Structures are given as C-alpha cells and as structure tokens.
Amino acid sequence: MEARVGETFRKRLLVFYIPLFLFLVALLFPFYWMLVTSIKPDFELYNARNAPFFVWHPTLSHWWQLFQNTLFTRWAWNTLCIATASTAVSLFAGVLAGYALSRLIFPGATSFGIIIFITYLVPPTLLFIPLASVIAELHLLDSPWALILTYPTFLIPFSAWLLMGYFKTIPRELEECARIDGATRLQAMIKIVLPLGMPGILSAGIFSFTLSWNEFLYALVFISSPQQKTIPVGVVSELMKGDVFYWGALMAGALFGSIPIAFVYSFFVEHYVSGMTGAVKG
Amino acid sequence: MKALPKSTVTARSSGTLVSAEASAPYRLSWLASISAWLENEAVLGYMLMTPALLLILIFIAYPFSLGVWLSLTDKLVSQPAHFIGLRNFTHLFESQIFWTTVWNTVFFTFSATVLKAVLGMWLAVLLNRKIRFARFIRATVLLPFIVPTVLSGLAWVWMFDATFSVFNWGLRWLWQSTEWLFNADFGYFRGPRWLGDPAWAMFSIILVNTWRGIPFFAISFLAGLQTVPAELYDAGDIDGATGWQKFWHITVPLIKPIAVVVIVFSFVVTFADFQVVYVLTRGGPHNSTHLLATLAYQLGMGSGNLGEGAAVALFMFPFLALVILWQLLYLRKESSQ
C-alpha cells in the first residue's frame with residue numbers, strides 16, 4: 001500500500017512511524033540488553049544508580065569467563081551436531097512421507113495424512129514423562145541419540161505437512177514425461193520432483209534446524225551430564241547454579257547461544273518465512 | 001516392517017544400476033523384479049511412509065499409551081509400578097495447587113493468545129505498507145521467534161530484576177521526574193517485584209510469551225494481507241469507507257482462513273508452554289504461576305512421582321483433542337467449499 005492520498009506527514013507519523021518504532025524497540029530491546037549486560041563490569045552491573053542502558057567501562061571479562069571457565073564451546077558443538085543430525089533424519093523421513101502423501105494413491109493414505117496432522121499438534125510437553133521411560137528402555141539416556149531420534153517427532157509432521165503442499169504445486173506431467181522416457185517411479189521422484197522441490201526442502205530444513213537448536217524440554221529431561229548438554233539447557237542449568245547469578249556471564253551465554261542461529265537464519269530469511277507461512281496454510 | 005527401509009536403499013541404487021550397463025545379468029533380473037515391484041503405487045507408498053510412521057509409532061504412539069498407563073499407577077522413579085486406578089486424578093482434583101494451575105493455564109493461554117493476535121495483526125498492517133528497508137525490518141522482527149526461548153527468557157529475568165534492572169530503574173526515573181515536576185516528595189519508590197509477587201509474575205510470563213509470539217502472528221498475517229487484492233481497498237475508497245471500515249469489512253473477512261489456523265496453532269503451543277515459566281518463575285512464587293506442563297515436570301521430574309506427573313500432563317489431552325478435532329472438521333469444510 002503506497003503512501004495514501006491526503007495523508008499528512010503528522011498523521012503518518014502518528015499511525016505509522018511511531019507505532020512501528022515502538023514495536024521494533026520492544027521486540028529488539030532484550031537482545032540489546034544481553035549485549036550491554038555481557039560487556040558491563042560488575043561494579044556497573046550491580047549499581048542501582050547508573051543509567052542501565054549504557055556501558056561506561058566496557059569489558060570482555062564475562063565473554064572470556066564464558067569461553068574459558070564453562071563448557072560453553074562443548075555445548076555449542078553438541079547443539080550443532082544434534083540439530084544437524086535430527087534435521088537430516090526429519091528431512092529424509094519428511095520428504096519421503098510428503099511425496100507419498102501428495103503423489104501416490106494407496107489404501108490408507110488419507111488416514112496417514114490425518115495421523116501426520118494430529119502429531120503436528122501434539123506438544124512435547126504432553127509426552128515427555130513416558131518418553132523418558134522409553135528412552136531409558138532403549139539405553140539412550142544421556143546420549144545425543146536420545147535427542148537426535150526424538151526431535152524428529154515434532155519435525156517430521158511439520159516437514160511432511162509443508163512438503164505435501166509444496167510437491168502438489170509441481171506439475172504431475174513432468175513426472176509422467178520422465179516415466180514415458182523409461183524412468184521408474186523412484187527415479188522420477190529423485191530426479192524430477194526432488195530437485196524442483198528444493199526450495200520447499202530448504203524451507204523445511206532451515207525451520208527444523210532452528211527448532212532443534214531451540215529445543216529445551218527433551219534436552220533438559222533426557223540429558224544429565226554437563227558434558228552432553230545443549231546450549232539452552234547448559235546455560236540455564238549450569239550457569240544458574242546457587243543463589244548468586246553471574247549475570248554478565250549468563251547474558252554472554254544467552255548472546256552467544258543466539259548469535260549462531262540468528263546468523264544461519266539471516267542467510268535463509270525468505271526460506272524461513274515461506275516455511276513458516278507455508279506450514280500455516282497447509 | 002523393519003526390513004523395509006533397507007530395501008528402499010537397495011531399490012534406489014538399483015535404479016541407477018538398471019539404467020547403467022548391467023555387467024551381471026543375474027543381478028539385473030532380481031533388481032529388475034524389485035524395481036518392478038516398486039512400480040506398484042501401494043508398495044512404494046507404504047515404503048516411503050515407513051520411516052516417518054516408525055518414528056511416530058516408537059516415540060509418540062507408544063509413549064502416549066505408556067503415559068496413560070503411568071497415570072493409572074503409583075510409579076516412582078526406579079520403583080515398580082502398581083495399578084491404582086484413578087487415584088492420581090482424584091488426588092489431583094482435591095489439591096489446591098492443581099486447580100490454581102488449571103486456572104493459570106486457561107488464563108495464560110487466553111490472554112497471551114488474544115494479545116498476540118491483536119498486536120500481531122497491528123504489526124502486520126504496519127509492515128504491509130511500502131517502506132524502505134522492508135525486507136530488513138521483516139527479518140529483524142522475527143528475531144524473538146528465532147532465538148532460543150530460554151535464552152531470551154534469561155534476558156527478561158534480568159530485565160525484571162527489581163533492584164538493578166531496567167524496568168524498575170525506568171519507573172523510578174518517572175517517579176522522581178514527577179516529584180521534581182510537582183516539587184513534592186512522594187517517598188521512596190521501590191517498584192513491583194516482577195517475578196516475586198504472584199500477580200506480577202503472572203503478568204510477566206504473559207508478557208514474555210506475547211513478546212516471543214508476536215512475530216509469528218505478524219509474519220503469518222502479513223502473508224495473508226499480501227493476498228488481499230488492492231482493488232478492493234480502492235473500491236472501499238470510492239464508497240467513502242474509513243480506514244477502520246476497510247479493515248473490518250475487507251481485510252478481516254479475507255484473511256480469516258489463515259487467521260483461524262494461526263490462532264489455533266498458537267493456542268496449542270501456548271497452552272502447552274513450558275520454557276517461559278521454567279526460566280522466569282519455575283512456577284513460583286509459592287506455586288502460583290504453574291502451567292500444566294511445569295507442574296507435570298515438577299511432580300514427575302522434580303519429586304520423581306512419575307504417575308502423578310503423567311496424570312497432570314495427560315490432563316492437557318482432552319483440550320488438545322477438542323482443538324485437533326475441530327481443526328480437522330474445519331479444514332475438511334474449507335477444502336470441500
């Protein structure tokens with residue numbers, strides 16, 4: 001919508017610029033707050049008189065402390081491996097299921113679609129207690145495999161649902177042409193549908209990756225040794241011990257736990273957005 | 001069933017082998033018969049569904065039935081379970097904390113969802129105008145939704161700190177400015193204990209959940225707004241409609257289908273929220289801000305009372321089932337239209 005006819009600058013300021021500015025400040029301030037806190041020396045941090053918005057004597061000691069005295073780098077590595085592996089598992093299963101549900105006609109296809117949709121709406125908080133027993137039965141407690149195998153339960157329904165919609169937009173004729181030229185169904189799928197569906201697969205992948213990076217409850221319940229933790233759980237459980245919180249180091253942890261995922265996201269914004277809105281539209 | 005994924009792999013390589021020059025004719029024959037078998041839509045369909053269904057079966061369907069069983073037992077951590085019927089539930093129904101939690105969950109879900117929908121819609125309308133740096137602004141707006149909730153939650157915990165942090169510093173500043181303005185002495189202003197007082201703590205968790213969810217609503221609504229044809233607004237202008245009238249009579253009806261799905265999805269996620277409460281209050285002060293998920297965690301993982309914890313978590317199910325059922329019927333109605 002272009003600048004509307006007859007809209008004065010004052011009105012535009014009032015109904016547009018000021019609200020948008022306030023929204024941006026409210027949405028982004030906590031990140032500024034992480035940064036500013038993480039570089040404040042303690043004597044500024046715990047002084048109620050200073051204006052808290054600025055730093056007068058910036059220091060990197062909290063960052064140093066985070067990387068030297070905590071397992072943060074280890075947690076970052078764990079998070080990266082787990083997020084990558086669970087994304088790969090979910091994409092594999094999600095692409096196959098999405099293709100089958102959007103392209104193939106077989107008895108029970110509709111019920112499978114409904115099952116996928118229902119699991120899409122089952123929150124992890126409903127199942128974490130019995131799931132912990134299942135993980136224990138499989139002897140996977142405290143192992144990254146516990147997370148690599150359980151994250152797909154909320155990633156596959158999402159990916160399959162998104163990709164179903166995506167594959168439906170690829171013309172069936174392309175596949176039929178390939179089959180007339182002698183390709184098998186699988187070949188047609190691998191060589192025609194998957195390359196054309198790449199943008200959708202990328203959307204599902206980037207979305208799954210951010211969801212796994214952020215997951216908290218399963219990682220909190222299934223992993224107990226500090227060495228094996230992911231960033232969200234490590235920062236919350238290992239750096240918040242005791243009664244005194246070291247806010248400088250905590251905020252440095254929050255900052256450096258957010259930067260990698262924000263960095264990855266910045267390269268795939270459009271895919272991320274189309275994944276998000278695509279999943280909503282179904 | 002377990003052999004199926006393996007055969008998918010062989011079938012894949014068989015595809016390339018068959019099309020390449022086959023050096024061993026006898027291999028060709030059985031590979032050919034597999035690939036002929038895979039030409040059957042039903043066989044291929046089931047095979048492609050197998051990995052997804054297997055994971056769902058082991059990690060959703062089985063735990064769900066196990067959860068139902070656990071909720072009927074007195075299972076404690078590393079103790080054998082005894083069937084006790086519905087006693088976990090009757091015990092819960094007699095406890096004050098449980099009903100406080102149920103009420104909290106309803107209040108939290110309702111207020112946060114309404115706030116997210118209204119503010120998200122407002123932000124979507126703002127973002128839908130032609131502005132400079134539109135793509136950049138849209139990308140940054142999503143940040144609260146991208147970063148790990150517990151980590152941004154930590155930043156909020158520190159912002160809520162009653163003595164040293166921004167909110168109360170800002171309020172004190174306002175207080176002192178007013179004093180200065182009226183040349184009066186109102187006494188010392190302490191400011192609310194954001195996370196230490198039950199009512200303020202509830203307010204705080206709703207605020208943080210809303211903060212995190214606004215981008216999701218805004219960006220999804222924006223996708224809906226962009227499909228509304230501009231001619232409709234022009235027609236509204238010609239008929240002399242005001243901005244509000246155009247919004248209510250053009251925008252709202254047209255984005256309703258997307259809005260319904262977004263709201264239902266967010267309702268489920270908010271209803272089952274765990275992270276915001278865990279990081280901000282751990283259910284405190286005095287168990288006043290528990291949601292069903294955090295109470296289940298405290299009972300099941302904190303006290304090791306797995307049976308009772310599973311019962312609390314399962315209590316979410318009827319609500320979720322209603323939502324899912326309604327959503328399925330709604331989608332069916334939409335697609336048949």
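Two residues are in contact here if their C-beta atoms, placed from the backbone, lie within 7 Å. The model is predicted: local features need pLDDT of at least 70, side-chain atom pairs count only at pLDDT 80 or more, and totals for chains, interfaces and linings use all residues. Residues are numbered from 1 along each chain as its sequence is written, while chains are lettered from A and ligands numbered from 1 in the order in which they are written.

**Stop 1: the interface of the chains**

Display chains A and B together. In this interface, 81 residues of chain B are in contact with 82 residues of chain A. Next, select helix 3 (residues 41-71) of chain B, which gives the most to the side of chain B that touches chain A, namely 19 residues. Helices are DSSP runs (H or I, at least four residues), numbered from the N terminus. Colouring by class shows 62 nonpolar, 14 polar and five charged residues on the side of chain B that touches chain A. Nonpolar here covers Ala, Val, Leu, Ile, Met, Phe, Trp, Tyr, Cys and Pro; charged covers Asp, Glu, Lys and Arg; the others, Gly among them, are polar.

**Stop 2: the nonpolar core**

Select Ala97(A) and Ala218(B), the residues with the most contacts inside the largest nonpolar core, which has 162 residues. Such a core is a set of buried Ala, Val, Leu, Ile, Met, Phe, Trp, Tyr and Cys residues joined through C-beta atoms within 7 Å; buried means that 20 or more other C-beta atoms lie within 10 Å of a residue's own. Helix 10 (residues 198-225) of chain B supplies the largest share of this core, 14 residues. Around Ala218(B), leaving out residues up to four places away in sequence, look for its contacts with Gly120(B), Leu123(B), Ala124(B), Leu127(B) and Val141(B).

**Stop 3: the domains of chain B**

Colour domain 1 (1-71) and domain 2 (87-336) of chain B separately; the bounds come from an automatic or database domain assignment. The C-alpha centres of these two domains of chain B lie 42 Å apart. Their contact takes four residues from domain 1 and seven from domain 2 of chain B. On the domain 1 side, two residues are nonpolar, two are polar and none is charged.

**Stop 4: the domains of chain A**

Finally, select domain 1 (9-59) and domain 2 (71-281) of chain A, whose C-alpha centres are separated by 33 Å. Seven residues of domain 1 and six of domain 2 of chain A make the contact. Helix 1 of chain A provides the largest share of the domain 1 side, four residues. That side divides into three nonpolar, two polar and two charged residues.

Terms used:
Buried ≥ 20, exposed ≤ 12 C-beta atoms within 10 Å, placed from the backbone. Helix = DSSP H or I, 4+ residues; strand = E, 2+ residues; numbered from the N terminus.
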